[in-house]
Amino acid sequence: MAVSKVLGIETEYGISTGRPGDDPIVMSTLLVNAFASKLAHHIRWDFDAESPGADARGRVQPGSLAPMIETHLANAVLTNGARFYVDHAHPEYSSPEVSTPLEAVRYDRAGEEVLRHAMADVARSYPNAPPIVVFKNNSDAKGNSYGTHENYLIARDLSFGDVIAAMVPHLVSRQVYCGAGKLGAETTSFDGPPQFQISQRAEFFEAVVGLETTLKRPIINTRDEPHADATRFRRLHVIIGDANMSEVATFLKVGTTALLLAMLEDDGLIEPIELADPVGAVRTISADPSLNATVELADGRTLTALEIQEILLGQAVRYVERGGGEAIGDPSQVVEILRRWEGSLHGLATDSPSMSATIDWVAKKRVLEAFADRHRLSMGDPKLRAMDLQYHDLRPERSIASRVGLEQLVNQNDVDRAVTEPPRGTRAYFRGSCLAKFPREVVTANWDSLVFDLGTDPLRRVPMMDPLRGTADHTEQLLGSVRSAQELLARIES
Amino acid sequence: MAEQEQTRRTTTSTTESQDVEAPPADRDSSEQLKAELDDILDQIDQVLEENAEDFVRNYVQKGGE
């Protein structure tokens, strides 16, 4: 039985002051602090429950370093349930846990708004600081990549070997509709560097399975840190995706992945597609915007990325016909995932430029080529490289993504509300609502607990080990009826 | 305008003669697409960083994930 597909998207944003000497950690800290200083509450992130070094395979590979947690850096928990903090040299927005793919889109877009506010807050709060520009992308085109990670709640009793077998072909090939595109190559992965790639991240992946996120990046990341009851749940941490400007691409990225995971939980592994060389396949597919390149399977057959996706779509359609998909949280979204998935594969197969309103790499490639044509530029021209970067620029006056005609799934009012209001369908509701209502009493927070300081007693920790408890259904009435944090805790503990 | 659309629907529903009628419709939509793209390119001309070379060169990101 599939567990509800609670989701979240973490985005590390690129930043620039235009002056290469500026320290990115300081600039990231300014962004987070300028935004956080406006909030009514000032709370610390609680690191007690963090164990990013735990490995889903039950062992830690020699030489694999657990990602560092830098406790001294800026950290804020927002009333929408998100975490906004400095992760190494980037400002990172980790969306609150949501219960449907469309909510994932809305809270991912809210993250862009948080960063946009933060840019303005820096200018206001630190008049002597240089203007900081924020980009939602995954590489600097000079060989440095940073992540957009997805998280999916899955059942603990699922065999991790089955997760690997089911997910590798999907994560290798889904880039055809959720790649963000880029000019050229920045690693030595290719014999002949491609002029344009479908994915920003593809060429940085060097292993099929592993614990790392910055060195020898794996297609399947085995970090086993559920931020929930570890006897029931696992959190699948997907690090191979690109950051999307297209809402439809984000919707499909998490929607297809969540649906295939639910199918695996309900029905087990059905006809898995075993690739002969998954790491090579990621690159081969990324380097071929014609979409004709084939990759080899372990049984010797060859398939294109679109053909792999057609097979996965067919399996998902039959799963839903059998009554599957309940774990996605909203039947109409399941229909929409299948409709858009099929439409994207068909559009890409017959006339890929026709997908420029929904697929980032297609939208980007179309304007790059047309601009080059208009101004008679070679594809290596700095103007085109600036366009490639500015596609992801969050400044409204410089953004190119907002000018290329991308279809929107969420209206701006709903996005703006999501900057401050938590999603209603997960424990993020309780986290965000407590922060809004009791800004002085909540002293630390993390994904699976809140700690209250009531002034007199010892600190009181409220555990939230089930992501599906603490929803609006469970707690809205309670939160509305209590007048103090003392009363809230008394009612919870009674 | 409504009348024009009405006419177009009628011609496309007469299946056999579609080949003769189809090209003008295709041209209309391709011209419309070209006009849309031209408008996007005009906007990009306006917003593109003036010093593209420095803008790209100074964008360096180290550390992450």
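Start with helix α8 of chain A, residues 331–351, and show the side chains of E336(A) and R340(A): both sit in this helix, four residues apart, or about one turn. Helices here are DSSP runs of H or I with at least four residues, strands are runs of E with at least two, and both are numbered from the N terminus. The two side chains form a salt bridge, with the closest N and O atoms 2.9 Å apart; the term means a Lys or Arg side-chain nitrogen within 4 Å of an Asp or Glu carboxyl oxygen.

This is a predicted model, so local features need pLDDT of at least 70 and side-chain atom pairs pLDDT 80 or more, while totals for chains, interfaces and linings use all residues, and side-chain values use heavy atoms without hydrogens or water. For your selections, residues count from 1 along each chain as its sequence is written, and chains are lettered from A and ligands numbered from 1 in the order written.

Now colour the pair by accessibility. R340(A) is buried at 12% relative accessible area, while E336(A) is partly exposed at 23%. The cut-offs are under 20% for buried, over 50% for exposed and partly exposed in between (1.4 Å probe, protein chains only).

E407(A) lies in the loop between α10 (382–390) and α11 (412–420), so the bridge ties α8 to a part 67 residues away in sequence. E407(A) is partly exposed, with a relative accessible area of 31%. While salt bridges are on screen, select D108(A), R109(A), E112(A), E113(A), R116(A), K136(A) and E247(A), which shared partners join into one network.

Next, pick K182(A) and E203(A), a salt bridge whose closest N and O atoms are 2.6 Å apart. K182(A) is in strand β9 (residues 182–183), and E203(A) is in the loop between β10 (196–197) and β11 (205–210), 21 residues apart. Are these two buried or exposed? K182(A) is buried at 3% relative accessibility, and E203(A) is buried too, at 2%. Over all chains, the structure holds 43 salt bridges.

For a stop at a strand, go to V77(A) in β4 (residues 75–77). V77(A) is buried, with a relative accessible area of 1%.

Then bring up chain B, which has three helices and zero strands. Of its 65 residues, 23% are buried. Select the contact with chain A (heavy atoms within 4.5 Å): 25 residues come from chain B and 46 from chain A. The two chains bury about 3,200 Å² between them, 58% of it on carbon and sulfur atoms; this is the accessible area (1.4 Å probe) lost on being put together, summed over both.

Zoom in on R374(A) and D45(B), whose side chains meet in a salt bridge at 2.8 Å, N to O. The count between the chains is six salt bridges. On the chain B side, α2 (18–47) and α3 (52–57) each supply at least two residues, with the largest share, nine residues, coming from α2(B).

Finish by colouring on pLDDT, the predictor's confidence in each residue from 0 to 100. Chain A averages 93, with 94% of residues scoring at least 70. Residues 59–71 of chain A stay under 50. Where pLDDT is low, the predicted coordinates should not be read in detail.
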